[in-house]
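Morning, everyone. Let me put it on the screen.

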Amino acid sequence: MGQHMLALTEQTFDEEIKGSESPVLVDFWAEWCGPCKMIAPVLDQIAADHPEKIKIAKINIDDNLELARRFEVMSIPTLILFKDGEPQLRIIGAKGKGQLLEELQAFL
Amino acid sequence: MNEEIREVIIVGSGPAGLTAAIYTARANLKPLVIEGLPSSTSDQPGGQLMLTTDVENYPGFVDGIMGPDLMGRFRSQAERFGAEFLTSKVTRCDFSSRPFRVWAPDPTTGEEQEYASHAVIVSTGARALMLGLESERRLMGYGVSTCATCDGFFFRGRDIAVVGGGDSALEEANFLTKFADSVVVIHRRKALRASKIMQDRAFKNPKIKFLWDTVVTDVVGDTKVQGLKVRNVVTDEESTIAIAGLFVAIGHVPNTDIFRGVLDMDDNGYLLTHDGSKTNLEGVFACGDVQDHVYRQAITAAGSGCMAAIDAERWLEAQGEAPPEINETPTEW
């Protein structure tokens with residue numbers, strides 16, 4: 001996990017998401033998910049390239065199943081962008097850097 | 001534009017492409033591997049094994065290994081010998097004159113870049129077919145999944161369906177019974193294509209049921225999958241079954257669209273090779289699932305990747321393009 005990454009848990013989620021001034025892109029992932037591993041370095045890069053604009057956080061669904069249920073995640077990787085504490089955008093499935101940046105454009 | 005002319009470009013990075021990378025890198029050919037783009041729905045770097053869990057039949061791994069880990073090892077091994085990687089997807093090629101040229105978007109700027117080489121190894125693999133229904137696309141990630149190993153977890157205690165009758169379908173069905181209460185395998189015929197051992201395993205599994213002679217005509221659900229509309233192809237009878245998840249394993253299609261009209265292929269789009277890994281174009285080689293719809297194993301793909309690397313090396317040598325052998329002993333006698 002890169003230095004710009006924040007690992008969220010059921011205990012810290014609300015505080016971190018609601019308290020954040022910048023949008024937070026939350027990555028629902030698991031150790032056993034190949035596509036999740038594929039996009040991890042891409043997310044590291046995006047976080048490093050835009051440290052002021054966007055925060056990137058991770059939720060390990062094995063440890064935080066309730067959070068996955070709460071946001072009706074049924075496939076991983078799922079990325080949900082939260083702004084002012086509310087989900088604004090949902091990206092399902094692994095994608096390349098260019099495609100992700102395009103979808104996130106409005107928030108960067 | 002990228003002015004450098006490379007010895008060899010490898011298009012694709014599954015077991016075939018990465019083995020070709022290991023061999024050509026060790027032969028000092030400094031391969032550029034254009035590895036593809038991350039995806040959960042089609043082809044991706046590392047190939048089809050990136051969507052699997054335990055690989056139990058790859059020799060050397062006594063206790064099995066996770067698919068993504070195995071491919072991570074292949075890639076690291078190729079990197080160790082100096083293979084260069086580009087995380088992008090080739091969009092077009094020009095093999096009509098030498099050096100051969102391929103184009104791929106720059107990973108950061110998205111701007112199309114040209115790459116040239118004396119030899120090309122095609123290892124773009126095959127991707128899983130989908131049903132092609134509008135509702136299937138709409139509910140992707142909301143109960144429709146392309147990756148049983150990624151998403152099976154979310155169907156704990158639910159009833160789900162797998163479409164298909166081959167080894168992949170039964171393997172997914174078996175895997176999914178770890179989570180689901182029941183798995184119905186929907187197959188358009190009355191007999192399975194799958195191997196005997198997979199059939200036996202599935203028939204013995206109390207959680208697996210079969211729906212024969214049946215095709216899926218629609219996925220039901222507004223915001224998530226609630227059921228399937230199915231039709232019996234013998235009686236034409238239509239019905240709806242309640243399920244929460246749909247996994248499709250109805251076969252594969254080779255990733256050869258960009259080579260259409262350039263490289264010889266069979267009616268299904270698989271590349272035709274002769275004398276090892278040679279295609280109809282001298283200097284262009286093919287390996288792995290892109291030219292094999294019969295065996296489709298990691299080990300056969302890796303083996304054919306090795307063949308393509310050796311074929312490419314010999315061909316470059318014959319053309320006078322291969323770098324001179326590195327002298328490991330002093331040249332003064």
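This is a predicted model: local features need pLDDT of at least 70, side-chain atom pairs count only at pLDDT 80 or more; totals for chains, interfaces and linings use all residues.

Helix α1 of chain B covers residues 15–26, and it packs against α2(B) at an angle of about 20°, the two axes being 8 Å apart. Angles under 35 degrees count as roughly parallel, so α1(B) and α2(B) are roughly parallel to each other. Who makes the contact? On the α1(B) side you have B:Pro15, B:Leu18, B:Thr19, B:Ala21, B:Ile22 and B:Ala25, and on the α2(B) side B:Phe74, B:Arg75, B:Gln77 and B:Ala78. Sort those by class and you get seven nonpolar, two polar and one charged.

Now, α1(B) has another partner, α7(B). Here the axes come within 7 Å and cross at roughly 40°, which makes α1(B) oblique to α7(B). This crossing is right-handed. From α1(B), the residues that meet α7(B) are B:Pro15, B:Ala16, B:Gly17, B:Thr19, B:Ala20, B:Tyr23 and B:Thr24. The list on the α7(B) side includes B:Ala298, B:Ala301, B:Ala302, B:Ser304, B:Gly305, B:Ala308 and B:Ala312. By class, this contact has 12 nonpolar residues, five polar and one charged. If you're clicking along, B:Pro15 and B:Thr19 are in the contact with α2(B), and both turn up again in the contact with α7(B).

In soluble globular proteins, nonpolar side chains tend to be buried together. In this model the largest nonpolar core has 124 residues, and the members touching the most others are A:Val26, B:Ile121, B:Val122 and B:Val162. Which helix gives the most to this core? That would be α7 of chain B, residues 298–319, with eight residues.

Let me zoom in on B:Ile121. Leaving out residues up to four places away in sequence, B:Ile121 touches B:Val8, B:Ile10, B:Ala20, B:Phe285, B:Cys287, B:Ala308 and B:Ala312.

Next, the two chains together. How many residues of chain B are in contact with chain A? There are 26 of them, and they meet 19 residues of chain A. On the chain B side, α2 (67–80) and α4 (148–151) each supply at least two residues. The largest share is three residues, and that comes from α4(B). By class, the side of chain B that touches chain A has 13 nonpolar residues, 11 polar and two charged.

Over to chain A for a helix pair there. Helix α2, residues 34–49, packs against helix α4, residues 97–104, at about 50°, with axes 10 Å apart. That puts α2(A) oblique to α4(A), and the crossing is right-handed. The residues meeting here are A:Val42, A:Gln45 and A:Ile46 from α2(A), and A:Lys97, A:Leu100 and A:Leu101 from α4(A). That's four nonpolar, one polar and one charged.

Take A:Gln45 from that group. A:Gln45 and A:Lys97 are 52 residues apart in sequence, but C-alpha to C-alpha they are 8.6 Å apart in space. Buried or exposed, or something in between? A:Gln45 counts as partly exposed, because it has 17 C-beta neighbours inside 10 Å, and buried would take 20 or more.

Most residues other than glycine have a negative phi, and most peptide bonds are trans. We have some exceptions to look at. A cis peptide bond joins A:Ile76 and A:Pro77, with omega about 0°, and A:Pro77 lies in the loop between α3 and β4 of chain A. In chain B, a cis bond joins B:Arg98 and B:Pro99, again with omega about 0°; B:Pro99 lies in the loop between β6 and β7.

Then the positive phi values. B:Asn28 has phi near 65° and lies in the loop between α1 and β2 of chain B. B:Asn28 is partly exposed, because it has 15 C-beta neighbours inside 10 Å. B:Arg296 has phi near 50°, in the loop between β19 and α7 of chain B. With 16 C-beta neighbours inside 10 Å, B:Arg296 counts as partly exposed.

That's it from me.

Definitions and conventions:
Residues are numbered from 1 along each chain as its sequence is written. Chains are lettered from A and ligands numbered from 1 in the order in which they are written. A nonpolar core is a set of buried Ala, Val, Leu, Ile, Met, Phe, Trp, Tyr and Cys residues joined through C-beta atoms within 7 Å. A residue is buried if 20 or more other C-beta atoms lie within 10 Å of its own, exposed if 12 or fewer, and partly exposed in between; C-beta atoms are placed from the backbone. Helices (H or I, at least four residues) and strands (E, at least two) are DSSP runs, numbered from the N terminus. Two residues are in contact if their C-beta atoms, placed from the backbone, lie within 7 Å. Ala, Val, Leu, Ile, Met, Phe, Trp, Tyr, Cys and Pro count as nonpolar, Asp, Glu, Lys and Arg as charged, and the others, Gly among them, as polar. Axes are lines fitted to C-alpha atoms, for helices over the stretch in contact, and angles run from 0 to 180 degrees between N-to-C directions. Angles under 35 degrees count as roughly parallel, over 145 as roughly antiparallel, 65 to 115 as roughly perpendicular and the rest as oblique. A crossing is left-handed if the near helix is turned anticlockwise from the far one by less than a right angle, and right-handed if clockwise.
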